[in-house]
Amino acid sequence: MRPKKRLIWTKKTMGTDYYPEQWDSALWESDLTRMRAAGISVIRIAEFAWNKLEPEDGVFTYGFFDRFLDLCAEKGMKVIFGTPTATPPAWLSEKYPEILNCDIDGNPYRHGSRRHYTYNSPVYQKYAARIVEREAVHYGKHPAICGWQIDNELNCETTDFYSEADNAAFRVFLQEKYGSLEELNRAWGTAFWNETYTDWSEVHVIRKTVSGGVNPHQHLDYLRFVSESCIRFAKMQADIIRRYKKPGDFVTTNGMFGHLDNCRLQDEVLDVYTYDSYPNFAQSIGRAEGGNAAGAGGEESLGDRDWSRNLSVVRSVCPHFGIMEQQAGPGGWTTKMEQASPRPGQLTLWAMQSVAHGADYVGFFRWRTACAGTEIYWHGILDWDNRDNRRLAEVKEFYKKLRALDETAGADCRGFFGVLQDVDNQFDAEVDCWHGRVEAASRQGIFAAAQKAHVPGNVVSLSDETDLSELASYPVLFYPHAVILDEKRAAVLRSYVEQGGTLVIGCRTGYKDLQGHCVMQPQPGLLSRLTGTTVKDFSFACPGEDPIIALAEDGRVIPMPLFNDVLEPGEGTRVLAAYANGYFQGEAALTEHRVGAGRVLHLGSTFCRENTAWLLCCLHLEEPLQDMVLAPDEVELALQEKEGKKYLFVLNYGREKTTITLIHPAVLLYTGRTVQGDRILPPFGTAVYRLLEERERD
């Protein structure tokens with residue numbers, strides 16, 4: 001069972017990111033004064049400022065941040081202090097080029113950007129540990145500091161590491177895991193294509209090959225190695241900081257990037273997780289002005305609303321998290337990205353989206369747009385001209401709304417169903433294009449269907465340590481494509497079903513072991529007895545053929561897109577829908593098998609918006625909030641609960657005003673007024689209500 005963490009923010013808190021090294025010190029005091037007037041009480045600093053602390057090898061200077069931190073204390077500003085290891089200084093890169101990460105051809109990434117180091121260089125580990133310790137010793141007890149950020153956006157820019165230091169560390173990782181080359185060869189299936197290793201020096205991180213692909217089992221271990229390397233690097237820093245920081249100050253890091261077991265990072269290293277929320281990334285490839293775009297697997301994107309899915313994943317890592325970087329303006333670099341400016345109301349909408357999904361701290365990126373460097377188009381609250389603008393005015397208005405939500409700090413987000421995920425299948429979906437394609441399509445399909453039907457759901461992390469209590473609160477769990485399965489996870493799923501839960505699985509389930517080998521048993525493998533089915537045939541959808549559909553018992557036509565498993569039901573397994581076309585017409589497409597007090601539904605396809613919407617109805621999950629509120633589909637609804645009270649978040653992603661209907665009286669927290677009936681939300685408008693209990697309604 002995952003360890004519980006203390007609440008970091010006991011009231012809603014607003015902050016921003018600030019870079020004193022980028023501005024004339026004459027601006028510091030006025031900047032802090034303007035921030036405080038806007039409601040900003042926390043700033044993050046120093047994550048890219050190694051040279052301000054160590055301008056030369058072994059020469060340490062503290063005066064710059066001494067002056068700034070003292071000013072922060074004077075102004076009543078709290079500080080999250082960053083370790084500067086995301087950007088090693090030029091003198092270190094030049095003196096010790098072995099610290100540099102390399103591309104897959106072995107060419108080093110040079111100084112001039114960020115994150116050009118490798119976690120596994122012994123030299124870099126030594127210098128990183130030294131700067132973190134010097135920083136923590138000197139600033140650890142400063143009264144302005146309330147928290148520490150490790151590095152910046154671990155595994156951002158690249159999630160791959162190909163230096164000689166990584167080769168050496170990978171061999172150690174594998175020796176510890178397998179013990180012998182014989183066992184390594186077995187695990188990697190090296191008899192295929194004569195890849196057998198006879199000496200550890202022959203083993204490398206993944207490299208370029210003539211076919212363009214690499215051994216998938218080696219690749220899976222490589223991703224686990226990258227994750228392990230990152231976690232060890234973060235833990236080294238966290239352990240140092242904890243020796244010197246004040247009691248109560250927290251340790252965090254920001255972002256959520258690939259090739260990383262973020263649950264392990266949170267559980268073993270951090271006090272709290274913080275995320276960088278930029279919904280314009282989703283909007284720019286989705287429902288931006290001018291039309292719609294298809295998401296993964298052909299599913300239509302929901303634009304900036306898609307970011308709620310990311311925030312649900314963050315919540316599965318840390319239920320009560322912070323936002324270290326909340327989008328405040330248009331984003332872009334001189335080398336890539338062109339994003340539109342948030343329209344009036346969108347800054348508040350996106351920030352409240354984070355709050356609705358569990359954020360108790362929201363820090364806007366950044367206070368003022370940089371005047372120099374690659375990110376001169378990554379706009380902050382203020383523009384280069386430093387004048388008050390509409391974004392600052394909106395930040396001030398957001399702060400008034402946020403403070404009105406103090407009573408919701410630490411509230412739990414209610415999920416009426418859960419979507420299971422685990423790191424082994426996450427990594428396998430990066431390695432295996434068959435797995436990756438169906439996984440991406442189903443994640444988007446389930447999310448889109450639930451959003452449009454106003455069914456709030458949670459992402460639930462599954463591991464070998466997961467126990468029944470972590471699953472039992474969900475009446476329904478989707479596990480879309482558990483390609484990799486082991487006995488422990490299969491056992492906890494059986495217990496979940498036996499005690500009354502409903503498990504819904506999709507195609508491509510249970511045909512690999514933990515090493516990524518295909519098992520010699522019928523799909524869905526270890527879940528076959530639980531589902532009461534086996535898979536007797538399967539295929540991707542064939543171009544040129546009519547889309548595959550199934551006909552349900554109720555006469556409903558159900559899309560079965562992208563991939564099709566032909567199911568063979570066992571004794572006692574009920575067929576809920578049969579294929580209506582294709583060479584497998586008439587065969588089982590969706591089944592139900594009852595086990596103990598619960599049941600398992602097996603869908604022989606990917607999940608799309610249409611078939612998931614039908615399933616939600618069959619599972620009696622459609623519109624679970626309709627006794628509280630009626631809302632159009634462009635509105636997102638989220639429900640939080642705390643100490644017996646319920647809080648309804650209403651977010652309008654539409655560009656036009658819309659109307660919702662409150663069934664019973666509720667308190668609009670923004671104003672404290674009790675309201676009921678039809679309520680108008682402006683374009684990109686938000687509202688948060690405390691639902692009154694029946695005894696309070698009169």
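Trainee: Are tryptophan 9 and phenylalanine 250 buried or exposed?

Mentor: Both are buried. That word needs under 20% relative accessible area, while exposed needs over 50% and partly exposed lies in between (1.4 Å probe, protein chains only). Keep in mind that this is a predicted model: local features need pLDDT of at least 70, side-chain atom pairs need 80 or more, and totals for chains, interfaces and linings use all residues. Numbering starts from 1 along each chain as its sequence is written, and side-chain values use heavy atoms, with hydrogens and water left out.

Trainee: How many aromatic pairs are there, and what makes tryptophan 9 and phenylalanine 250 one of them?

Mentor: The whole structure has 45. Rings of Phe, Tyr and Trp (its six-membered ring) pair if their centres lie within 6.5 Å; planes under 30 degrees apart are stacked, over 60 edge-to-face, the rest tilted. Tryptophan 9 and phenylalanine 250 are 5.4 Å apart centre to centre with 65° between the planes, hence edge-to-face. Tryptophan 9 is in the segment before strand 1 (13-17) and phenylalanine 250 is in strand 5 (residues 250-252), so the pair ties together parts 241 residues apart in sequence. Helices (H or I, at least four residues) and strands (E, at least two) are DSSP runs numbered from the N terminus.

Trainee: What makes something a nonpolar core, and which residues touch the most other members here?

Mentor: A core is a set of buried Ala, Val, Leu, Ile, Met, Phe, Trp, Tyr and Cys residues joined through side-chain atoms within 4.5 Å. The largest one has 182 residues, and Ile43, Ile45, Phe81, Tyr222, Phe364, Phe478 and Tyr689 touch the most other members. Helix 8 (residues 216-244) gives the most, with twelve residues. There's also a second, separate core of 20 residues, including Leu462 and Tyr496.

Trainee: How do you know that lysine 401 sits over the ring of tyrosine 670?

Mentor: The rule wants NZ of Lys or CZ of Arg within 6 Å of the ring centre and within 35 degrees of the ring normal. Lysine 401's charged end is 5.3 Å from the centre of that ring, and it does sit over it. Arginine 414 lies over the face of phenylalanine 416, at 4.2 Å.

Trainee: What makes strand 22 and strand 23 a pair?

Mentor: Pairing takes at least two DSSP bridges. Strand 22 (residues 635-642) and strand 23 have eight, running antiparallel. Strand 23 (residues 645-652) also joins strand 26 (residues 686-691) by six bridges, again antiparallel. Lysine 646 stands opposite glutamate 641, and its bridge partner in strand 26 is leucine 691.
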